[in-house]
Amino acid sequence: MSVTIPASTATGQYYVLHVVDPLNAVAETNETNNVTSSAVSVGAARPDLVILQPALQSASIVAGNNLGISCLLANQGSAAATASTTGYYLSTDNVLSSNDVLLGTAAAGGMVAGSATPSLALVLIPAGTATGSYHVLFVADQASAVTEASETNNVVSQP
């Protein structure tokens with residue numbers, strides 16, 4: 001059975017009481033064992049922006065050339081998200097760090113919970129980029145403008 005927590009309920013810890021014979025309609029030998037409880041935590045509804053289907057127009061990245069990038073920006077959270085920016089970085093690994101090179105951004109408008117929108121960009125690989133293996137990092141909410149349910153799932157790597 002599912003129950004609905006009223007939207008006006010303040011965030012915090014609560015208990016759901018499970019009551020057998022709540023109207024005391026049945027005469028029992030022990031009336032003190034009719035209630036059990038379950039702890040629940042009520043949190044605020046929040047958006048959760050993630051990257052889906054990251055894709056590069058070409059597997060061969062050439063310094064000084066443009067690279068087409070696409071993905072879906074999705075809000076898998078339980079509340080609407082305000083406008084945000086998707087960032088694209090060139091990285092030597094699959095972890096976003098201060099050493100990574102910002103290639104470009106794409107603006108995204110507000111998104112209702114459960115929605116997704118395409119994000120497309122044409123970025124320039126810097127002319128001085130050394131030959132080697134790189135990852136392109138796709139970063140949802142690149143400027144951290146949206147307070148999300150999870151801030152740890154915003155980066156996806158495409159080798």
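Contact here means heavy atoms within 4.5 Å. This is a predicted model: local features need pLDDT of at least 70, side-chain atom pairs count only at pLDDT 80 or more, and totals for chains, interfaces and linings use all residues. Residues are numbered from 1 along each chain as its sequence is written, and side-chain values use heavy atoms, with hydrogens and water left out.

Which residues does V136 touch, leaving aside its neighbours within four places in sequence? V136 is in contact with L56, I61, L67, I69, Y89, L90, V156, S157 and Q158.

Strands are DSSP runs of E with at least two residues, numbered from the N terminus. Two strands pair if DSSP finds at least two bridges between them.

Strand β5 covers residues 84-91 and is joined to β6 by 7 bridges. At one of these places, Y88 has G104 in β6 as its bridge partner.

## H135 in strand β8

H135 lies in β8, which spans residues 135-139. Its contacts, beyond neighbours within four places in sequence, include Y89, L90, D93, S157 and P159. With S157 there is also a polar contact, side chain to side chain, at 2.8 Å. A polar contact is a pair of N or O atoms within 3.5 Å; within protein, one must be able to donate a hydrogen and the other to accept it, and residues adjacent in sequence count only if both atoms are side-chain atoms.

H135 and V156 are 21 residues apart in sequence. In space, C-alpha to C-alpha, H135 and V156 are 9.7 Å apart.

## The three-stranded sheet

Another open sheet has 3 antiparallel strands, ordered β3-β4-β7. Here β3 and β7 are the edges, each pairing on one side only. β3 and β4 pair over 6 bridges. A55 stands opposite S70 in β4.

## The nonpolar core

A nonpolar core is a set of buried Ala, Val, Leu, Ile, Met, Phe, Trp, Tyr and Cys residues joined through side-chain atoms within 4.5 Å. Buried means under 20% relative accessible area (1.4 Å probe, protein chains only). The largest core has 21 residues; V136, Y88 and L67 are among those with the most contacts inside it. Elements giving two or more residues include β3 (49-56), β4 (66-75) and β7 (116-124). The largest share, 4 residues, comes from β4.

How values were computed
Buried < 20%, exposed > 50% of the residue type's maximum accessible area, 1.4 Å probe, protein only.
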